[in-house]
Amino acid sequence: LLFIGLGRLAMAPVNSFVSLWLTEEIRWNAVPLMWALSAASEVPFILFSAPLLRRFGTRRLLVCASLGLALRLAIYACFPSQAGAVAGQLLHSLSFGLFHPAAVAFVASQVPPALRARGMVMYLSLGVGLPGFLGSTAGGLIVEHAGYRSLFLAFIPCSLASALLFTLFRRFFDDPSIDRS
């Protein structure tokens, strides 16, 4: 859950501050359009998550999603423009559309069937809720004192750490979702 939590922590600036960034920093009144774009971009990954999970496995997809999130944050930080906003929102496909199904599958693969409901509750509370709260709280302080660019840059290491930890500790994780035939 720590590795997943780091990835979800890195999502906090997007979930909590992109709307404000669009209106305050970019000065673009396109918040609904940008969230519709991000939602539409995630649909193919969610629809095809089962074959992707079978082909690549949960750990690899979580690494890919975490790297995609790092790129998304870097785009927001380095390209504060309408084009940067569109590019970043399109990466929602990886940073959420791929991350969430892979995280759910990962937790399910690590918890015995009789305890899966408890595993999902732990994922949602400790892997999603707590990192979201902590990231939003820290993010508000960062924006207030250093601005949006610093906010996005500050959370890139969390996403990269998630990807790195999943890579370094891959041998400790069972990944029965990979189709090895």
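Author: The model is predicted, so local features need pLDDT of at least 70 and side-chain atom pairs count only at pLDDT 80 or more, while totals for chains, interfaces and linings use all residues. Residues are numbered from 1 along each chain as its sequence is written, and side-chain values use heavy atoms, with hydrogens and water left out.

Reader: How do you know that the span of H4 is close to the expected one?

Author: The expected span is 1.5 Å times one less than the number of residues. H4 has 21 residues, and 30 Å is expected. From first C-alpha to last, H4 reaches 30 Å. Helix H8, residues 148-168, also has 21 residues. H8 reaches 31 Å, close to the 30 Å expected.

Reader: Why is Ser66 called buried?

Author: Buried means under 20% relative accessible area, exposed over 50%, and partly exposed in between (1.4 Å probe, protein chains only). Ser66 has 1%, so Ser66 is buried. Ser66 sits in H4. In H4, 15 of the 21 residues are buried.

Reader: What does Ser66 touch, leaving out residues up to four places away in sequence?

Author: Contact means heavy atoms within 4.5 Å. Ser66 touches Phe99, Ser159, Ser162 and Ala163. Ser159, Ser162 and Ala163 are among the buried residues of H8.

Reader: What covers the buried residues of H8?

Author: The cover includes H1, H4, H6 and H7. The buried residues of H8 include Tyr148, Leu151, Phe152 and Phe155.

Reader: What makes Leu153 partly exposed?

Author: Leu153 has a relative accessible area of 34%, so Leu153 falls in the partly exposed class. Leu153 belongs to H8.

Reader: Which class does Leu37 fall in, and why?

Author: The relative accessibility of Leu37 is 24%, so Leu37 counts as partly exposed. Leu37 lies in H2, residues 31-47. Beyond its neighbours within four places in sequence, Leu37 contacts Val86, Gln89 and Leu90.

Reader: How is the packing of two helices described?

Author: The description uses the angle between the axes and the distance between the axes. Here axes are lines fitted to C-alpha atoms, for helices over the stretch in contact, and angles run from 0 to 180 degrees between N-to-C directions.

Reader: Why are H3 and H4 called roughly perpendicular?

Author: Angles under 35 degrees count as roughly parallel, over 145 as roughly antiparallel, 65 to 115 as roughly perpendicular, and the rest as oblique. The axes of H3 (residues 49-56) and H4 cross at roughly 110 degrees and come within 7 Å. H3 and H4 are therefore roughly perpendicular. Leu52, Leu53 and Phe56 of H3 meet Thr58, Arg60 and Leu61 of H4. By class, this contact has four nonpolar, one polar and one charged residues. Ala, Val, Leu, Ile, Met, Phe, Trp, Tyr, Cys and Pro count as nonpolar, Asp, Glu, Lys and Arg as charged, and the others, Gly among them, as polar.

Reader: What makes H6 oblique to H7?

Author: H6 (residues 92-110) and H7 (residues 116-146) pack at about 135 degrees, with axes 9 Å apart. That angle makes H6 oblique to H7. His100, Ala103, Val104, Val107 and Ala108 of H6 meet Arg116, Gly119, Met120 and Tyr123 of H7. Six of these residues are nonpolar, two polar and one charged.

Reader: Why are H2 and H6 called oblique?

Author: Their axes cross at roughly 45 degrees and come within 8 Å. H2 and H6 are therefore oblique to each other. The contact has seven nonpolar, five polar and one charged residues.

Reader: Why is Arg27 called exposed?

Author: Its relative accessible area is 67%, so Arg27 is exposed. Arg27 lies in the loop between H1 (2-25) and H2. Its phi is near 60 degrees, a positive value in a residue other than glycine. Most residues other than glycine have a negative phi.

Definitions and conventions:
Helices (H or I, at least four residues) and strands (E, at least two) are DSSP runs, numbered from the N terminus.
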